[in-house]
Amino acid sequence: MYLRSSHSPVEILFSSLASSDISHGFTTARNGFSSGAYGRGNLSWRVGDDPSAVQRNWDGLLGSLGIAAISLPLQVHGIHSAYVGAPLEGEVIEADALWTDQPGVAIGVLTADCMPILLELRDQSDQLIAVAAVHAGWKGALGNILAACFGEVSRQWPQVYAPACKAFLGPSICGNCYEVGQDLAEKFSASGYGGAVQWQNGNSLLDLWKVAVLQLSSLGFLSGNIDIAAECTKCCAGYFSYRRCSDTGRELAFIWMK
Ligand SMILES: [Zn+2]
């Protein structure tokens, strides 16, 4: 189940399933200082929004969270994940997932329709090992960036135990809104995700949430440890949606180990 917090100048959605030794959230477009197409909670510097409004949104968010920075990657719709051992100076690492095992180092990804996924990675005795923030549009979903990221963390920390881990799927485009070309739909079907594809009136619809659940289940995550916001950025009000309007802001998904 997801809850809303408006204590920050930027509205935050968070999962009640999250453990008490992490902080996390998904921002929305509802509150904040941006205006027009970027209204109101835009947190991207790269979409043409007024930098002073973006700065006010970031200052308000970080102030309310009580942290100095949230490190972001330079997202390129790939499947590479990068380790963050200390806060990054700007969006300097090309990656679509970040992970850290350092308490107090906050990481995040920006999205507008693509799927943000936050991971709590724990060992068999439920000890917190690491956290990850993953950005998956169709390329990341088809390339299984979730498995790539989980694999990278597991190489460093072999004791990571999937049945003890948790995943939070943030607001993103839903399976009734996400029209894709027939070629792409066929690629997903051929890759074992046929259950995530609908063929409707000659259109192909892709459900990224179903793809993510299938991938997490294959990794060994338990269904009770996967929480889906089930809020569509395109057909629910209060979110940035690239498909609805390409001139738009970005939502932030963030997580850190306390
Ligand atoms: Zn929708």
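A residue counts as buried if 20 or more other C-beta atoms lie within 10 Å of its own, as exposed if 12 or fewer do, and as partly exposed in between, with C-beta atoms placed from the backbone. Keep that handy for this predicted model, where local features need pLDDT of at least 70, side-chain atom pairs count only at pLDDT 80 or more, and totals for chains, interfaces and linings use all residues. Numbering starts from 1 along each chain as its sequence is written.

**The whole protein**
- You're looking at 5 helices and 15 strands; these are DSSP runs (helices H or I, at least four residues; strands E, at least two), numbered from the N terminus.
- The C-alpha trace spans about 45 × 45 × 35 Å along its principal axes.
- Of the 258 residues, 47% are buried.
- Among contacts with a separation of 6 or more, 62% join residues 24 or more positions apart; a contact means C-beta atoms, placed from the backbone, within 7 Å.

**Helix α1**
- Helix α1 takes in residues 51-65, and its 15 residues should span 21 Å at 1.5 Å a residue, which agrees with end C-alpha atoms 21 Å apart; the expected span is 1.5 Å times one less than the number of residues.
- On the exposed side, P51, S52, Q55, D59 and G63 sit on the face of α1 turned away from its buried side.
- A53, V54, N57, W58 and L61 are the buried residues of α1.
- Part of the cover over the buried residues of α1 comes from β3 (22-27).

Methods: Two residues are in contact if their C-beta atoms, placed from the backbone, lie within 7 Å.
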